[in-house]
Protein chains: 2
Amino acid sequence: MSRRRDQLVTTALRLFSQNGFRATGIDLILREAGVAKKTLYNHFGSKEALVVAVLDKRHADFMATTRMTVARLAPRQRGDPRMRRPLAFFDGLDAWFTSGSFHGCLFINASAEYARSDCPIHQVCVSHKVRLLDTLESLLSEMPHANVRDMAQAVGLLADGAIVRAHTAGELHAARSAKRAVRRLLESYL
Amino acid sequence: MSRRRDQLVTTALRLFSQNGFRATGIDLILREAGVAKKTLYNHFGSKEALVVAVLDKRHADFMATTRMTVARLAPRQRGDPRMRRPLAFFDGLDAWFTSGSFHGCLFINASAEYARSDCPIHQVCVSHKVRLLDTLESLLSEMPHANVRDMAQAVGLLADGAIVRAHTAGELHAARSAKRAVRRLLESYL
DNA sequence: CCAAAAATAGACAGATCTGTATACTTTAAG
DNA sequence: CTTAAAGTATACAGATCTGTCTATTTTTGG
C-alpha cells in the first residue's frame, strides 16, 4: 500500500537484524529510511508495533524464500527421493549462513530481547516457530506418515540448532553438519 | 573473594536472565543487590565488564550442574550403556526447562543483543559454545571413536535447538523430543 | 586501637531514547 | 484547480541510562 511504510519496515528490518532491537533507536531508522518521525507514528503507534510489522515481513520473506529454494534445490539431492525436500531445506540454510548477510534468526533474537511471554512481540515469535514446524511437516509428507510428527520435531530442532550455532559460535558450516544428521536420521525412518 | 562482588554478579545474572541485558539498568541491579553504585564501578569498570563476569559465572555454574546431573542420571538410562551419559545430558536439559526458572540460554541471548563479533561479550559466547562441544565429545567418548566428532556436532545442534524451542516457542517438552532424536541417531552409529 | 581501604548515599553531567506538538510543504483525488 | 490528506523538519518534554564525583560511614588488617 504505502511506499513510506515499506521503506520504514525494510530499513528497520535491516537495522534490527544487524544491531538488535533495543540497540536500534527510532531516529537512526528514520534517518536511514529518509522518513519523518511523524510519518512513522502515523503508520505505527509505537516502536513495538513497528517491531511486530518487521517480524511479520520477515516471516513472509522467509517462507517465500524457503518455498523457492526447496523447489530449486530438491531435484539435485542424492539419496532416497522422499528425503529430497527436507534436505534441500538445509541447503537453503547453508546459502543463508554463508551469504554475508546472516545475523541469526530474527525471531530467536527478538525472543531474547522481549522475553516476557505476554509481550505481543514474543507471541509473534511463537507463531513463527509453530508455522515453521507445519512447513517442515509438509516437506516431510513423502516420508512414512506415521512418524512425520516426530521427524518434523527432530528436523526443526536441528534447523534451530544450526541457526544458533552459526550465529552464536560463528560456525557458518553448521547447516552442513545439520544436513548430515538429518540424512542419517531420516534414513533410520525408511 | 569479595562478598559485594558476588552479590552484584548473582543479582545481575538473575535480572539479565529474566529481562535481558540492555533492558536491565544498572540502577535496578544496584537496588536489588543492595550495593552502592561506586562499589560496582570499583569492581567492574563498566556495565560491559559486569556482563562478561556474569557470563563467566553462568558458564561455571552450567558446567558444574551438567557434571553432577550426568553423573546422577546416567545410570538410570535404558538402552546401550555407551549412550547413557549423552542421554542423561538431555534429562538435565528437561529438568532445567521445567524448573520454572528457565529463561533460555544466556549466551544465545547475549549474542542476540551484542551481535558484533568483535565485541568481548560475543567472544565469551563463542568460547562457551566451543567448550560445550568439548564436553559433549567427552560424554560420547564411549561411542565408536571414529565418529565422535560428527556425533558431538549433531548432539550439540539438537541441544541448542531444544533450548531455543523451549524458550522461543515455549515448548518446555523440547528436551524430550531432542532426547528421542539423539537416541535414534546414536543407535545408528552402534 | 587506628589508619587505610572499601562501601554508602546521592547529586550530577551528558547522552540517548520514545513519543508529542507545531508550522510548513508536498501529494493526490475529485 | 482546489482542497484534504499525507509528509517534512525540527523543537521539545519527560524519562532513563551509564558513568563520575563528593562527602560520609563502615569495615578490616596489623
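Q: What area is buried between domain 1 of chain A and domain 2 of chain A, and what share of it do carbon and sulfur atoms give?
A: Buried area here is the accessible area (1.4 Å probe) that two parts lose on being put together, summed over both. Between domain 1 of chain A and domain 2 of chain A in this predicted model, the area is about 1100 Å². Carbon and sulfur atoms give 75% of that.

Q: What pLDDT do local features need in this model?
A: Residues are numbered from 1 along each chain as its sequence is written, chains are lettered from A and ligands numbered from 1 in written order, and side-chain values use heavy atoms, with hydrogens and water left out. As this is a predicted model, totals for chains, interfaces and linings use all residues and side-chain atom pairs count only at pLDDT 80 or more, while local features need pLDDT of at least 70.

Q: Where do the domains of chain A run, and how far apart are their C-alpha centres?
A: The bounds come from an automatic or database domain assignment. Domain 1 of chain A covers 1-45 and domain 2 covers 51-187. Their C-alpha centres lie 27 Å apart.

Q: Which three residues supply 55% of the area that domain 1 of chain A buries against domain 2 of chain A?
A: Contact means heavy atoms within 4.5 Å, and here it takes 12 residues from domain 1 of chain A and 13 from domain 2 of chain A. One trio supplies more of the area buried by domain 1 than any other three residues: A:Leu13, A:Phe21 and A:Arg22.

Q: How many salt bridges and how many polar-contact pairs does the rule find across that domain interface?
A: A salt bridge needs a side-chain nitrogen of Lys or Arg within 4 Å of a carboxyl oxygen of Asp or Glu. A polar contact is a pair of N or O atoms within 3.5 Å; within protein, one must be able to donate a hydrogen and the other to accept it, and residues adjacent in sequence count only if both atoms are side-chain atoms. For domain 1 of chain A against domain 2 of chain A, the salt bridge count is 0. The polar contact count, with both residues at pLDDT 80 or more, is 2 residue pairs.

Q: How many helices and strands does chain A have?
A: These elements are DSSP runs numbered from the N terminus, with helices (H or I) of at least four residues and strands (E) of at least two. Read along the sequence, the pattern of chain A is α-α-α-α-α-α-α-α-α. That's 9 helices and 0 strands.

Q: How much area do chain A and chain B bury between them?
A: Chain A and chain B put 40 residues each into their contact. Carbon and sulfur atoms carry 63% of the buried area. The total is about 3500 Å².

Q: Which helix gives the largest share of the side of chain A that touches chain B?
A: The chains have 8 residue pairs in polar contact, both residues at pLDDT 80 or more. Helices that each supply at least two residues to this side of chain A include H1 (3-19), H7 (120-139) and H9 (174-187). The largest share, 12 residues, comes from H8(A).

Q: Which residues are closest to DNA strand D?
A: Near means that a heavy atom of the residue lies within 4 Å, and 16 residues surround DNA strand D. The closest residues are A:Ala36, A:Thr39, B:Ile26, B:Lys37 and B:Lys47.

Q: What does the backbone of A:Ala36 approach on DNA strand D, and at what distance?
A: A polar side-chain atom of A:Arg4 lies 3.2 Å from a phosphate oxygen of DNA strand D. For the side chain of A:Thr39, an N or O atom is 2.9 Å from a phosphate oxygen. A backbone N or O atom of A:Ala36 approaches a phosphate oxygen, at 2.9 Å.

Q: Which side chain has an N or O atom 2.7 Å from a base oxygen of DNA strand C?
A: DNA strand C is surrounded by 17 residues. At its phosphate oxygens, B:Arg4 places a polar side-chain atom at 3.1 Å, and B:Ala36 a backbone N or O atom at 2.9 Å. The side chain at 2.7 Å from a base oxygen is that of A:Lys37.
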